[in-house]
Amino acid sequence: MATATSSTGSRKLLWLLVVLVVLASSAAAAALFMAFNQQDDGQVAAQQPSTPVYQEPIFVEIAPFTVNLADDDYGSRLLYAGISLKVPDEQSQALLTAHMPEVRSRLLMLLSGQQAADLSTPEDKQRLAEQVKATLEAPMSETQPELAIEEVLFTEFIVQ
């Protein structure tokens, strides 16, 4: 009889030890999870950039104009173009507005040297936009601050 009682006591003790080991392991796992989770939250917050502030775009409208293109196989051709310039700041906007006669003159000189066949595809228009940008970013006076044009937009474009 004594053996039967000691075997049930040792079984209870064994179960009690198993339960304690499982509880201790669970508590350690939960503590480690919380510690690593807090550390990751700090790193994620540091890695995420702040939300950019919306800045309204600034455009300079150039009144539409008509220019004679260089002669080609079909004779004289015309280009009717409306252009808007996207600029990054008000200083560039003011500079372009103050020099608008020179801006229009430079554009007319650039466009009058084009041929109608060179203005038919979207790639041709993109190339022309890059030429317009380069033409207008050249200084218009000796003391001019830097002029930046982000994008050249054709608002009207008819070749006839």
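Start by selecting Leu13, Leu16, Leu17, Val19, Leu20 and Leu23. Together they make a nonpolar patch on the surface, with about 570 Å² of accessible area. The model you are looking at is predicted.

**Stop 1: Val19**

Stay with the patch and pick out Val19, one of its members. Val19 sits in helix H1, which covers residues 2-47.

**Stop 2: the whole chain**

Now zoom out and color by secondary structure. The chain has four helices and three strands. Follow them along the sequence and the pattern reads α-β-β-α-α-α-β. Next, color by accessibility. Of the 160 residues in the chain, 22% are buried.

**Stop 3: Ile58 and Leu85**

Select strand S1, residues 58-68, and find Ile58 in it. Ile58 has a relative accessible area of 14%; this is under the 20% cut-off, so Ile58 is buried. Ile58 and Leu85 are 27 residues apart along the chain, and their C-alpha atoms are separated by 8.3 Å.

**Stop 4: a negative patch**

Select Asp89, Glu90, Glu150 and Glu151. These residues gather on the surface as a patch of negative charge. Look at Glu90, in helix H2, which runs over residues 90-98. With 59% relative accessibility, Glu90 is over the 50% mark and therefore counts as exposed.

How far apart in space are Glu130 and Glu151? From C-alpha to C-alpha the distance is 8.6 Å, while 21 residues separate Glu130 and Glu151 in sequence. Glu130 belongs to helix H4, residues 122-137. Its relative accessible area is 44%, so Glu130 is partly exposed.

**Stop 5: the salt bridge**

Side chains of opposite charge can pair when their charged atoms come close. How many salt bridges does a search of the whole structure find? The search finds one. To see it, select Arg106 and Glu102 and show their side chains. The closest N and O atoms of this salt bridge are 3.2 Å apart.

Arg106 is buried, because its relative accessibility is 16%. Glu102 has 28% relative accessibility, so Glu102 counts as partly exposed.

**Stop 6: an aromatic pair**

Finish with two rings. A pair of aromatic rings is described by the distance of the centres and the angle of the planes. The structure has one aromatic pair by this rule. Select Phe154 and Phe157 to bring it up: the ring centres are 5.1 Å apart. Why is this pair edge-to-face? The planes of Phe154 and Phe157 stand at 70 degrees, and an angle over 60 counts as edge-to-face.

Last, color Phe154 by accessibility. Phe154 has a relative accessibility of 24%, so Phe154 counts as partly exposed.

Definitions and conventions: Residues numbered from 1 in each chain as written. Predicted model: local features only at pLDDT ≥ 70, side-chain atom pairs only at ≥ 80, totals over all residues. Heavy atoms only, no water. Phe/Tyr/Trp six-rings, centres within 6.5 Å; stacked < 30°, edge-to-face > 60°. Buried < 20%, exposed > 50% of the residue type's maximum accessible area, 1.4 Å probe, protein only. Patch = residues over 30% accessible without salt bridge, like charges linked within 9 Å, V, L, I, M, F, W, Y side chains within 5 Å. Areas by Shrake-Rupley, 256 points an atom, 1.4 Å probe, with all protein chains shown as cover. Salt bridge = Lys/Arg side-chain N within 4 Å of Asp/Glu carboxyl O. Lys, Arg positive; Asp, Glu negative; His and termini not counted. Charge placed at Lys NZ, Arg CZ, Asp CG, Glu CD. Helix = DSSP H or I, 4+ residues; strand = E, 2+ residues; numbered from the N terminus.
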